[in-house]
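Trainee: Please guide me through reading this structure, one feature at a time.

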2 protein chains.
Amino acid sequence: MSEILVVGSLAYDSIQTPSGKVDRALGGSANYFSLASSLFAPVRVVGVVGEDYQSQDIELLKSRKVDTSGMSVVKGKTFHWEGAYEGDMNEAITKKTELNVFEHFDPTLPEHYRDSKFVFLANISPDLQLKVLNQCHNPLFIGMDTMNFWITSKLADLQQVLKKVDVVLINEGEAMMLTGAKNAIEAAKKVIALGPKALVIKRGEYGFVMYTQDQGFFILPAFPIDKVIDPTGAGDTFAGGFFGHLASLGRKPLVGDLKEACIRGSILASFTIQDFGVKGLAKVDMGALEMRTIQYHKVISI
Amino acid sequence: MSEILVVGSLAYDSIQTPSGKVDRALGGSANYFSLASSLFAPVRVVGVVGEDYQSQDIELLKSRKVDTSGMSVVKGKTFHWEGAYEGDMNEAITKKTELNVFEHFDPTLPEHYRDSKFVFLANISPDLQLKVLNQCHNPLFIGMDTMNFWITSKLADLQQVLKKVDVVLINEGEAMMLTGAKNAIEAAKKVIALGPKALVIKRGEYGFVMYTQDQGFFILPAFPIDKVIDPTGAGDTFAGGFFGHLASLGRKPLVGDLKEACIRGSILASFTIQDFGVKGLAKVDMGALEMRTIQYHKVISI
């Protein structure tokens, strides 16, 4: 078993969906990722929050044995995102983004974080992703996420990060925007040409597409959920389950490991979308995950 | 091996996609269905065309041993559909629908058609679907397609047909419209409550969802295609491959047979979308289908 380092946002989200709304619920990519990955392996989180951040929200991670010594609390307010889902549950409409303390985030890793073997760079500015990577001593396996905003505003930095990572986990729209491709299949080969050895395209309710240099495509559907309450964090949960599984093996991942990791991530994400914010995910234990994994194999087996 | 009866449209389509355009190319649900299903089993087609219908287009079906004695040629012009795909290749934008001779189509089955064991009612008016069913003596397995237009304009007739069929094959938007559900998963159970024993929801580039009373969900992705030329007819090709496989077995289908049938249909559809109109499909033989089926199993295997 190896340790996972994650850098990303720690946030409060105000979310409206056809099922209702929540105000300033716990969110942010690093929270979703940590809650998911800590089911499998020790996790170290790097991020910044404001003075308004609730101690219970730090305690939630600590109760999962997540190392929060790389979280800094600074003067000001925590990153706040406000979004809504209308009709298409696969895409959020951003109503407001208040960066607050996140605007001047300058990640510094505690000394004992630097030998982490599995490193995940969640969706933050690519120059910060590079800063984190430069502080890591000898990572075994590096993954990243990004978003449309960085693809348009910081493409050169983003291209640098892409050259340094083993796997990219992005959604379908981002993959097409990054490559100019017209669909996920065309995009897959073009992303690999930018540097990473593997690509995972998250397709929301439709599942995922993995593409590796060695073995080509691996594509499966999502676990069927008839009532989606709030899709926020599904992608970060996927990444957390994916990395958690790989770190639990503690070896340089083989393609077969990546396939299992996709399934773990995909199934964990199906819990996230069944409640608002991190509530659905926070309740999951290995028993619930195993049960749903058995059901999933039935759904896809011929 | 059993015979398949199909009733549906025989048409000329004018189609524009990002890859180009064709004018009055051979199309219509019964043509796509027949070309696909005749790879597996004998097919009997019922439909109507106008005086402008080219003899080579009848010959194409005959070359596949399709029985065309139920095709009537009447005074007037053949059904003509004009559509375009822009951006979203999963949904056509209809520019023009000229029913022409199709407007007064009143299907009468030749006597020797009436004992067909497998019956597929492609996307035509539900009252005509009922008329065809009433002329069949003792079908073993009945399937149907429909579309948004009939769901809004002829719901009562449609509900009658739904009660009489074994399987419904429709696309995701149609399934949601028919049931008021917000996604394919929720829609599946609600369609089954309307009568049919099995439902297949076609998801375009994302594959399919099958739901059966007995075994619940069976969900798989589509075969990965990086360049989609023209998606027209993919759904009818799916249905043709699906029915062809079942008829080739010649028994009352088991759930396992339906699963294999979905895969056959899905893979055949991947050939259709690689060229305009029926051109991609018309070239496929069993060898090409088997080759792609082997590749497909690699893509979905863990």
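Mentor: Copies are superposed by least squares on the C-alpha atoms of residues with pLDDT of at least 70 in both, where pLDDT is the predictor's confidence in each residue, from 0 to 100. This is a predicted model, in which local features need pLDDT of at least 70, side-chain atom pairs count only at pLDDT 80 or more, and totals for chains, interfaces and linings use all residues. Residues are numbered from 1 along each chain as its sequence is written, while chains are lettered from A and ligands numbered from 1 in the order in which they are written.

Trainee: What rotation superposes chain B on chain A?

Mentor: A rotation of 180° does so, with 0.0 Å of shift along its axis and an RMSD of 0.0 Å. The two copies are thus related as by a two-fold rotation axis. As for confidence, the model has an ipTM of 0.95 and a pTM of 0.96, and chain A averages a pLDDT of 96, with 100% of the residues scoring at least 70.

Trainee: How many residues does each chain bring to the contact?

Mentor: Two residues are in contact if their C-beta atoms, placed from the backbone, lie within 7 Å. Here 22 residues come from chain B and 22 residues from chain A. On the side of chain B that touches chain A, at least two residues each are supplied by helix H7 (184-192), strand E13 (216-220), helix H9 (255-272) and helix H11 (286-300) of chain B. Such helices (H or I, at least four residues) and strands (E, at least two) are DSSP runs, numbered from the N terminus. E13(B) gives the most to this side, with four residues. Because 100% of the interface residues of chain B are also interface residues in chain A, the copies meet through the same surface.

Trainee: Is helix H8 of chain B largely enclosed or open?

Mentor: A residue is buried if 20 or more other C-beta atoms lie within 10 Å of its own, exposed if 12 or fewer, and partly exposed in between, with C-beta atoms placed from the backbone. In H8(B), 14 of the 16 residues are buried, so the helix is largely enclosed by the rest of the structure. Just after H8(B), B:Gly250 takes a positive phi of about 70°.

Trainee: Which way do the residues of strand E11 of chain B point?

Mentor: In a regular strand the side chains alternate between the two faces of the sheet. From E11(B), B:Ala198, B:Val200 and B:Lys202 point one way and B:Leu199 and B:Ile201 the other way, and all are buried.

Trainee: Which strands are joined to E11(B)?

Mentor: Two strands pair if DSSP finds at least two bridges between them. Strand E10 (residues 167-171) of chain B runs parallel to E11(B), joined by five bridges; B:Val167 has B:Ala198 as its bridge partner. Strand E12 (residues 208-212) of chain B runs antiparallel to E11(B), also through five bridges, and there B:Val200 stands opposite B:Met210. E11(B) and E12(B) form a hairpin with five residues between them, and B:Gly204 in the turn has a positive phi of about 60°.

Trainee: Where does B:Leu268 lie, and what does B:Leu268 touch?

Mentor: B:Leu268 lies in helix H9 of chain B and is buried, with 32 other C-beta atoms within 10 Å. Not counting residues up to four places away in sequence, the contacts of B:Leu268 include B:Ala36, B:Phe238 and B:Val284.
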